[in-house]
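Subject: Structure handover

Hello,

Here is the structure for your files.

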Amino acid sequence: MSKYEQEVEFNLSESGVHPILLSDLLSDNPNNIDQLLATDLNYPYVNGIPELRENIAALYDGATINNILVTTGAIEANYNTIHTLLNTGDEIVIMLPNYMQIWGIAKNFDFKLKTFHLREENGWKPDLDELNEIVTRNTKLIAVCNPNNPTGYILTENEMKAIIDIAEQARAWILTDEVYCGAERLTDKQTPSFFGRYDRLVAVGSMSKAYGLPGLRIGWVIAPVDTIDQIWARHEYTTISATMLSNKLAAIALSPKVRPRIIQRTRNYIRKGYPILKQWMDDHENTFSVVPPQAAAIAFVRYHLDINSTEFAERLRKEKSVFIVPGDHFGMDKFFRISFGLPPDYLTSGLNRIHDLIMEIKR
Ligand SMILES: Cc1ncc(COP(=O)(O)O)c(C=O)c1O
């Protein structure tokens, strides 16, 4: 993605909503700018400034700032968590489809990789029988993404409980990537975290998706205090810390006054964008099928065209300057992942260009 996303005219590959302007983020308090200008550009607290960790801890029942480690994006949170909890040769179980980072790490570091699936035919519900079958006493960690990238599926309370039960029987860790919590399309109820429901649990959050602030490069880990300390040690060797300014800006974004406004903005983009995509798909009768995403700014769409997904994405990029993610990247040809949490004119123009290519392929 990073090779092409800045070059295309219409980038429909991103999984978060259209990003926020700095001026918009700072607009609630006239003193914000002066306070930022007075920032000492030192290293911040390596584990995150207390004000930010307080605002993050307030999002989770039963958490204190000692349960929080601020990282350079969720990507570092996942990376250092995996390296803290697993060693080469250990067994890891991963939900698929998924954001493929942990899957890639498992390959790179020779973990024993097992997968369980969200089933399209069941509206992307997880196959818990499959999970139950593959988890053994050798399983060290189960990695889930909730709400899910790329399907937007949100686990039910019963499914969360079942996953915890299965992990508990094996005494396996759960790593839950929750970066889309807050980006719900159909409800104003925030997706509940796994945090606090099981002792061997690490949850990961981020400013990038639900808050539309990927440029801050701020994510976090929430876990038992001794686990946080171990991940912190790796964090110190990887990035030392996120930046001072990002820590401060994220603390503003997560403050009780600003956060609800930002979450509402995210939901507005998602709720206005999806009907545009849906209408466009409906206009192409029998070309697409999709399980409507419950959250996140992306849809995982099955297409009924005689073309491989990577080839389709490549032709779109080269011939139409539109960028989407091919299903092949998730090991699922005949799908693509497409963003809709974008300004309506931009989204519509990008979809019109995809329409042009589809007409050419059908001809
Ligand atoms: C599920 C998931 N986790 C983590 C990340 C990385 O996010 P960040 O920008 O916070 O590093 C992404 C980015 O697409 C994602 O979709």
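The disulfide count is zero, where a disulfide is a pair of cysteine sulfur atoms within 2.5 Å. The sulfur of C145 has its closest cysteine sulfur in C181, at 9.4 Å, which is too far for a bond. The C181 sulfur is likewise 9.4 Å from its closest counterpart, that of C145. C145 is buried, at 2% relative accessibility, and C181 is buried at 9%. Buried here means under 20% relative accessible area, exposed over 50%, and partly exposed in between (1.4 Å probe, protein chains only).

This is a predicted model: local features need pLDDT of at least 70, side-chain atom pairs count only at pLDDT 80 or more, and totals for chains, interfaces and linings use all residues. Residues are numbered from 1 along each chain as its sequence is written, and side-chain values use heavy atoms, with hydrogens and water left out.

Now the tyrosine. Y60 lies in the loop between α3 (50-57) and β2 (68-71); helices (H or I, at least four residues) and strands (E, at least two) are DSSP runs numbered from the N terminus. Y60 is buried, with a relative accessibility of 11%.

Which residues does Y60 contact, leaving aside neighbours within four places in sequence? They are E178, S193, F195, W220 and I222, a contact being heavy atoms within 4.5 Å. With W220 there is also a side chain to side chain polar contact at 2.9 Å (a pair of N or O atoms within 3.5 Å; within protein, one must be able to donate a hydrogen and the other to accept it, and residues adjacent in sequence count only if both atoms are side-chain atoms).

Regards
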